Amino acid sequence: MTTALYSHPDCLEHVNPPGHPEQVARLKAIAAALAAPGFAALDRREAPIGAEESIRRAHSRQYIDTIRAAAPEKGWTQLDPDTSMSPGSWDAALRGVGGLTSAVDAVLAGEVQNAFVAVRPPGHHAERAQPMGFCLFSNIAIAALHALEAHGLSRVAVLDFDVHHGNGTQDVLWNESRTRFASSHQMPLFPGTGGRHEKGAYLQIRNVPLPEGSGGAKMRDEWENDILPWVREWEPELVLVSAGFDAHRADPLAGLHWQTEDFGWLTHRICDLADDCCGGRVVSTLEGGYDLEALADSVGLHVEVLMERGE
Ligand SMILES: [Zn+2]
């Protein structure tokens, strides 16, 4: 068994305005890091165009049509102060959906042990009816619903360690009893949601806010003693991960002060959970992470652990 890496050149054609932190260079830095000899064993696959049927499980037809129509012929369309579209954004967003759903297909078919989907724009802030926080489609929630509806699974876990709360994932999965969604995030911080009292219609959502400057030790304690046991006792059949790397101490957008090694530790613990419950089946996707060097190092370590655990 091995680890698949899904990406596509179209994801470089989603261009935000100058000075925006969610830049093309992020994906280039990741590609450069994963081109090192240590990653030669990755099963590299092109992310296909995602099916509208997949997106429709999370977003209305009207929402999809609105996003499609918003892509400009040149320059930018500003959807909100943070979120914009360039001429290539529509195709890039579809590659994100297709990368995620294909990675779920490959892992569930046993073609690969686990997968990392390196795409942009990210997805976890996109709500059912609202693009937000650099995100257009709710990629990881779409992947969860694909696993439930297209593959007939009945328990899918979604874990989110991006420094920002995954409000979009929470919104899409709020009434979905066949998922457990857990998120750790800095609070207070954008988008402002993610308090412990937000638990979902079936108490299937776990939010763990972390105070600014709390560092890797606090994160490890919360994941080891709260989040992971809560997911493990439910015995998920597949583990999905919203992997944001903006909790890194070097990140310009937040202040949780995690070290690169903390992402390696957490990836190991997530793989332990998957080993215990579902034969090690993990599909992880890129969300945030805005210091290019820290991002490249942290993604490199995350994928290295996935490969080690997928052997
Ligand atoms: Zn983030």
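Trainee: Which residues line the largest cavity?
Mentor: This is a predicted model. A search of the whole structure finds one cavity of 30 Å³ or more. The lining of the largest cavity is made up of Asn114, Cys271, Ala274, Asp275, Gly280, Val282 and Arg309.

Trainee: Which residues coordinate the zinc ion?
Mentor: The donor distances run from 2.0 to 2.8 Å. Along the chain, the donors follow the spacing D-x1-H-x81-D. Asp162 gives two entries, both OD. The coordinating residues are Asp162, His164 and Asp246.

Trainee: Why is the arrangement around the zinc ion irregular?
Mentor: Four donors count as tetrahedral if all angles lie between 85 and 135 degrees. The arrangement here is irregular because the four donor atoms subtend angles of 52 to 153 degrees.

Trainee: How many residues apart are aspartate 162 and aspartate 246?
Mentor: Aspartate 162 sits in the loop between strand 6 (156–160) and helix 6 (167–173). Aspartate 246 sits in the loop between strand 9 (238–243) and helix 8 (260–278). The pair links distant parts of the chain, 84 residues apart.

Trainee: Is aspartate 246 buried or exposed?
Mentor: Buried means under 20% relative accessible area. Aspartate 162 has 1% and counts as buried. Aspartate 246 has 0%, so the term for aspartate 246 is buried.

Conventions:
Residues numbered from 1 in each chain as written. Predicted model: local features only at pLDDT ≥ 70, side-chain atom pairs only at ≥ 80, totals over all residues. Heavy atoms only, no water. Donors = N, O, S within 2.8 Å, 3.2 Å for Na, K, Ca; no water. Tetrahedral: all angles 85-135°; square planar, octahedral: opposite > 155°, others 65-115°. Helix = DSSP H or I, 4+ residues; strand = E, 2+ residues; numbered from the N terminus. Buried < 20%, exposed > 50% of the residue type's maximum accessible area, 1.4 Å probe, protein only. 1 Å grid on protein atoms, 1.4 Å probe; cavity = no way out; pocket = protein on both sides within 12 Å on 5 of 7 lines; lining within 4 Å. Points joined across faces, edges and corners; volume = space filled by probe spheres on them.
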